[in-house]
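Subject: Structure for you to look at

Hello,

Here is the structure I said I would pass on. Please open it alongside this message, and my notes come after it.

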Amino acid sequence: MSKVTINRLETGVPGLDQILGGGLPEFSFNLIGGKPGCGKTTLAHQLMFAMASDERPALYFTVLGESALKMLRYQQQFDFFDPGKINHAIHFVNLSAEAAAGDLDQVTSRIAAEVQAHGPALVFVDSFRSIVRASTTHENKLQQFMQELGMLLTSWQATTFLVGEYSTEADANPIVTLADGLLWLHQSVQRNSMVRKIEILKMRAQAILPGIHTFRISQSGVQVFPPATQAADEVGDRGPNSLGQGKNQVPEDSRLLVGVPELDEMLGGGLPSGYSLLVAGPSGSGKTILAASFLAEGARAGETGVVAVFEQNPHRSRNRILIDLISAGKVALIDSRSPDLSIDEIVLEIMREVKRLKATRVVIDSLSGFELSIAPTFHTDFRESMARMVHALASTGVTVLMTSELEDRYADLRFSPYGTAFLTDAIIVQRYIELDSRLQRLMAVVKVRGSAHSDELRLFSIDGDGIHLGPTLPGHVGLLGGRPSHEHYSEFSAPSTKP
């Protein structure tokens with residue numbers, strides 16, 4: 001007996017094919033379930049308009065008490081809606097009368113007659129749960145009805161979607177067992193944010209991406225956000241430390257300058273390409289200025305970059321360097337102010353900009369603002385999500401600089417409030433110290449994985465030209481505690497702010 005090949009249909013829903021494992025199996029019998037308002041009908045319509053054609057017509061059975069015209073009035077607001085397909089590639093049939101009678105035989109007969117008349121390749125029943133609730137038959141008859149419906153549509157070689165308001169996958173309903181695919185939609189509301197998620201509970205004959213994945217409904221329709229580790233596929237098959245061809249390609253064993261000569265020396269000649277760098281420090285210590293210098297140095301070397309900001313918008317700040325880089329198209333800006341962001345969504349946006357610009361440098365400013373920007377439901381697993389994000393970015397070969405806001409307690413030395421410092425390849429720490437009744441800034445390179453680096457603690461200053469590193473403080477102790485002392489006082493002046 002020869003092996004049967006199952007054709008997979010592209011859904012036309014961004015991100016959905018990835019979590020399905022490559023698309024929907026043709027002729028499969030699927031259930032789209034979830035509570036009211038989670039986007040079931042919108043997803044069904046988007047699937048239908050994307051997959052239906054004159055060669056592959058669709059039948060949409062509605063069991064609503066309202067007319068199809070009223071339902072379509074709302075669906076017309078989405079970009080995927082194509083009026084040219086109505087009554088040609090797509091036909092709507094209202095089953096409300098048959099469903100209201102409570103006789104499942106009438107429902108089956110009507111569906112069979114319409115299927116025979118139109119010969120559809122795609123069949124949607126919305127809401128299938130309404131048919132079940134209106135039924136006056138016993139449970140055995142209900143199961144028989146579902147089996148007959150499944151056999152009918154399978155014999156006509158139709159890919160079928162039953163849409164229903166099922167609260168959980170544990171609902172005692174034979175359709176859950178009979179279905180080839182179960183697509184479950186969820187939504188959660190916390191404070192002022194609402195997050196929608198989709199879970200593929202079952203899809204016969206193919207490997208799916210397990211877990212619950214976030215999605216968003218916009219004017220374009222439904223967009224699913226695969227896990228951050230999968231989002232790297234968006235930049236193409238370039239492999240680790242390989243960023244395509246052309247002038248933006250960075251050799252794997254090269255080092256990237258950060259734009260502060262003395263700091264590059266402390267790093268051992270710059271930051272190894274493909275590394276992730278964490279710049280940690282208190283507010284005002286110069287983290288964003290260093291990030292802008294990192295991007296500007298890349299532009300001078302003919303590279304492009306991406307910056308995702310979660311604090312002050314660069315266009316409303318005085319960071320002229322970053323503004324000019326964005327205006328010149330050398331750096332792409334990601335500045336999302338949505339109150340219900342997910343990390344997977346942000347990573348996907350970054351990956352798309354990396355692909356568009358063939359970028360080699362990425363800045364995330366800052367992790368602290370990032371945490372405040374994402375929806376509350378993602379806070380509990382923020383550390384795990386950060387680990388996936390760092391891994392996903394590293395898999396593309398880009399060099400990443402992330403800033404992290406720290407409360408300068410002076411009594412302890414920390415590099416990240418999230419316990420994620422170990423995930424990065426390099427760490428630069430910035431601190432304030434009190435010296436001779438003046439507030440001074442101090443910088444140190446804590447680690448550069450697999451590379452020698454300076455262990456000096458050096459003062460630095462900031463002016464209109466950027467960051468300038470000054471001398472060390474020999475003979476002083478307690479620098480990291482914020483209040484250094486020395487046994488033999490020597491005259492010291494802060495590094496010059498002149499270029």
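Below is what was found, going from the chain as a whole to single residues.

Please keep in mind that this is a predicted model. All values here are computed from it.

Overall make-up

The protein chain holds 15 helices and 24 strands. It has 499 residues, and 54% of them count as buried. Taking contacts with a separation of 6 or more, 70% are between residues 24 or more positions apart.

In soluble globular proteins, nonpolar side chains tend to be buried together. Here the largest nonpolar core has 39 residues, and Leu16, Ile32, Leu43, Leu47 and Ile198 have the most contacts inside it. The element that gives the most to this core is helix H2 (residues 40-51), with six residues.

Cavities

Rolling a probe the size of a water molecule over the atoms shows where empty space is left. Four cavities of 30 Å³ or more were counted in this model. The second largest cavity contains about 50 Å³ of space. Its lining is made up of Gly274, Tyr275, Ser276, Val390, Leu393, Ala394, Val398, Val400 and Met402. Helix H15 (382-396) and strand S18 (399-405) are the elements that give two or more residues to this lining, and H15 has the largest share, with three. Sorted by class, the lining of the second largest cavity has seven nonpolar residues, two polar ones and no charged ones.

Helix H12

Which residues of helix H12 (residues 320-327) are buried? They are Leu322, Ile323, Leu325 and Ile326. These four lie on the same side of H12, because they cover an arc of only 165 degrees around the axis. Arg320 and Ser327, on the other side of H12, are exposed. The buried residues of H12 pack against helix H11 (287-300), strand S15 (305-309) and strand S16 (331-334). Just after H12 comes glycine 329, which takes a positive phi of about 80 degrees.

Two single residues

Glutamate 345 is found in helix H13 (residues 343-357). Its relative accessible area is 8%, under the 20% cut-off, so glutamate 345 counts as buried. Apart from neighbours within four places in sequence, glutamate 345 is in contact with Arg216, Phe225 and Asp340.

Glycine 450 sits in the loop between strand S20 (438-448) and strand S21 (457-463). Is glycine 450 buried or exposed? Its relative accessibility is 83%, over the 50% cut-off, so glycine 450 counts as exposed. The C-alpha atom of glycine 450 is separated by 8.6 Å from that of aspartate 425, which is 25 residues apart from glycine 450 along the chain.

Regards

Note on methods. Residues are numbered from 1 along each chain as its sequence is written. Side-chain values use heavy atoms; hydrogens and water are left out. On a 1 Å grid over the protein atoms alone, a cavity is a set of points where a 1.4 Å probe fits but cannot get out, and a pocket is an open set with protein on both sides within 12 Å along at least five of seven lines; lining residues have an atom within 4 Å of a point. Grid points are joined across faces, edges and corners, and a volume is the space filled by probe spheres set on the points. Ala, Val, Leu, Ile, Met, Phe, Trp, Tyr, Cys and Pro count as nonpolar, Asp, Glu, Lys and Arg as charged, and the others, Gly among them, as polar. A nonpolar core is a set of buried Ala, Val, Leu, Ile, Met, Phe, Trp, Tyr and Cys residues joined through side-chain atoms within 4.5 Å. Buried means under 20% relative accessible area, exposed over 50%, partly exposed in between (1.4 Å probe, protein chains only). The arc is that of the directions from the helix axis to the C-beta atoms. Contact means heavy atoms within 4.5 Å.
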